Amino acid sequence: GNALEKNKSIKLLFLDYNNIGPEGAGCIAEALKRNPILQILNLGNNEIGDAGAIAIGESLKTNNSLIQLDLSSNEIGPEGVKKIADGLKVNRTLQHLTMYIQNNRGDNGAIEIGNALRQNKESALSHLLLGFGRVEKDIIEEMKQRVKTRFHNILNSDRKAPFNRLRLMLVGQGKAGKSATVRSLLGKPFTPEWDSTVGAD
């Protein structure tokens with residue numbers, strides 16, 4: 001937890017299958033409240049239970065860097081789901097959430113999550129996997145529309161916005177500058193000695 005709180009460079013952290021438990025999840029949650037760097041966190045299969053989920057839910061209220069969170073297979077019950085939902089009511093950066101809700105409480109848990117998303121008009125959530133839980137179709141459609149609207153608003157404005165992931169393929173003739181463009185995007189210097197790559201005619 002302390003190391004994560006002081007982290008200035010790590011953006012992806014995969015801790016699944018690490019026996020973290022509720023106490024470990026609580027430490028991570030405290031660090032998330034003050035960590036402005038981490039974007040992807042996988043805590044799947046760690047038996048964090050309700051106590052761990054409650055702590056993570058609280059951290060979602062203040063964290064503004066996390067875009068992907070995996071809490072799958074963690075024995076999270078109604079209280080834990082409710083606190084995650086409370087966090088989603090105010091969180092504006094999380095885009096992907098995976099949290100397999102157990103079958104015997106899936107519908108109620110999905111309702112909690114759905115109501116949170118309906119209430120939070122600024123939610124960035126676009127990918128939601130709840131296992132047995134089912135969110136109402138109108139909420140799913142509203143999520144999709146928000147994503148489209150937000151994307152168009154960004155394109156039509158001068159303000160800066162995070163650009164988290166992109167698959168990019170550059171196609172062109174040989175010696176058109178494809179490799180140099182990729183290197184420039186990665187922040188690497190131009191190397192005039194490099195041989196030209198194969199192009200498409």
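**Exercise 1.** What percentage of the 201 residues of the chain count as buried?

*Solution.* The model is predicted: local features need pLDDT of at least 70, side-chain atom pairs count only at pLDDT 80 or more, and totals for chains, interfaces and linings use all residues. Residues are numbered from 1 along each chain as its sequence is written, and side-chain values use heavy atoms, with hydrogens and water left out. Step one is the cut-off: buried means under 20% relative accessible area, exposed means over 50%, and partly exposed lies in between (1.4 Å probe, protein chains only). Step two is the count: 36% of the 201 residues are buried.

**Exercise 2.** State how many helices and strands the chain has, and their order.

*Solution.* Helices (H or I, at least four residues) and strands (E, at least two) are DSSP runs, numbered from the N terminus. The chain has 7 helices and 5 strands. Along the sequence they follow the pattern α-β-α-β-α-β-α-β-α-β-α-α.

**Exercise 3.** Describe the largest nonpolar core and the surroundings of Leu41.

*Solution.* A nonpolar core is a set of buried Ala, Val, Leu, Ile, Met, Phe, Trp, Tyr and Cys residues joined through side-chain atoms within 4.5 Å. The largest one has 35 residues, and Leu41, Leu69, Leu71, Ile84 and Ile113 have the most contacts inside it. At least two residues of this core come from each of α2 (21-32), α3 (49-60), α4 (78-88), β4 (96-101), α5 (106-119) and α6. The largest share, 5 residues, is supplied by α2. Next, take contacts (heavy atoms within 4.5 Å). Leaving out residues up to four places away in sequence, Leu41 touches Leu13, Ile28, Leu32, Leu66, Gln68, Leu69 and Asp70.

**Exercise 4.** Where is Leu168, and is this residue buried or exposed?

*Solution.* Leu168 sits in the loop between α6 (137-155) and α7 (178-185). Leu168 counts as exposed because its relative accessibility is 52%.

**Exercise 5.** Locate Asn45 and Glu75, and give the phi and exposure of each.

*Solution.* Most residues other than glycine have a negative phi. Asn45, in the loop between β2 (40-42) and α3, has a positive phi near 55°. With a relative accessible area of 27%, Asn45 is partly exposed. Glu75, in the loop between β3 (68-70) and α4, also has a positive phi, of about 55°. Its relative accessible area is 54%, so Glu75 is exposed.
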